[in-house]
Amino acid sequence: MEDHGLFGPRSVTWRVMGEPILLVGGFRALLMQGLHPRAMRGVLQNSALMDPAESWSRFQRTTEFVRVRTYGTRAEVERAGARVRKIHATLTALDPDTGERFRLDEPEALRWVHVGEVDSYLTVARRAGVRLSDEEADRFVAEWRSAAEVVGLSPAEVPGSVGELRDYIDAARPGLRFVPEAAHPLRLSLNAPLPLHLAPLKPMLPGLTLLAFATLPRWARRLYGLPATPVGDLWATASLRALHTGLGFVPAHVRYAPAARRARRLMAA
């Protein structure tokens with residue numbers, strides 16, 4: 001039997017994750033992560049975010065990890081997970097609010113990053129018009145419990161349904177804020193540290209970042225100091241749907257990445 005990794009052709013994850021509109025979900029996930037003080041400080045104190053070489057290589061590593069975790073074999077996923085767990089276990093950061101030094105594999109922060117990622121992918125997909133029933137949305141959240149285990153979390157300790165996901169986020173809200181030492185992501189997007197060969201993409205980043213912000217819950221936009229109105233919600237949903245619809249006219253061999261194309265062939269079979 002072929003090894004399809006954590007998910008496979010019958011999973012909701014394979015059907016959702018290959019859609020190009022999920023790039024917005026990836027940006028949104030980073031914005032959700034940025035509202036957890038320790039998660040954000042762990043990144044700030046261990047990354048040269050404004051160094052083009054470092055920031056781009058980090059982005060490439062993250063993108064490759066997501067690809068392997070979604071489409072790789074069990075062995076490939078385990079190797080990638082072992083690397084991430086080793087890095088998190090060896091790096092520390094200082095919490096200036098308490099004076100405490102903490103490890104990056106602290107479960108609370110890892111759990112918030114996981115939840116922000118799952119919530120972002122699911123929210124963007126559904127608002128963009130990717131067809132998902134309520135039962136399929138619950139399955140998507142449950143499937144990602146195995147992804148949580150890859151980074152060192154217990155599957156039983158992360159949400160397994162949309163309702164549990166929302167409850168967890170609501171419970172976490174009192175401890176969330178945007179730390180003052182961090183550069184605002186919207187401002188950062190105006191001067192994105194891209195390598196020279198990707199400079200032509202620079203004008204697109206502020207618009208993509210703005211759309212990702214607009215898909216956040218209103219309370220999260222307020223924590224970033226941005227307007228949060230129903231009109232913004234409507235604009236975000238309309239923009240996602242228009243973009244997703246437009247991408248649908250792009251030929252599949254161009255629209256989908258190689259791993260997603262292979263997954264689509266397996267799902268069709």
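Two strands count as paired if DSSP finds at least two bridges between them. Helices (H or I, at least four residues) and strands (E, at least two) are DSSP runs, numbered from the N terminus. Everything here comes from a predicted model, where local features need pLDDT of at least 70, side-chain atom pairs count only at pLDDT 80 or more, and totals for chains, interfaces and linings use all residues. Residues are numbered from 1 along each chain as its sequence is written, and side-chain values use heavy atoms, with hydrogens and water left out.

**View A. The hairpin of strand 1 and strand 2.** Strand 1 (residues 92-95) runs antiparallel to strand 2 (residues 100-103), with four bridges. Ala93 sits opposite Phe102 of strand 2. Ala93 and Asp95 make up the covered face of strand 1, while Thr92 and Leu94 are on the uncovered one. Four residues link the strands, and Gly99 has a positive phi near 75 degrees.

View B. Gly232, Asp233, Ala236, Ser239, Leu240 and His244 are its buried residues (buried: under 20% relative accessible area; exposed: over 50%; partly exposed in between; 1.4 Å probe, protein chains only).

**View C. Ser161, in the loop between helix 8 (145-150) and helix 9 (162-172).** Ser161 counts as buried because its relative accessibility is 19%. A polar atom of its side chain lies 3.2 Å from the backbone nitrogen of Glu164.

How values were computed:
A polar contact is a pair of N or O atoms within 3.5 Å; within protein, one must be able to donate a hydrogen and the other to accept it, and residues adjacent in sequence count only if both atoms are side-chain atoms.
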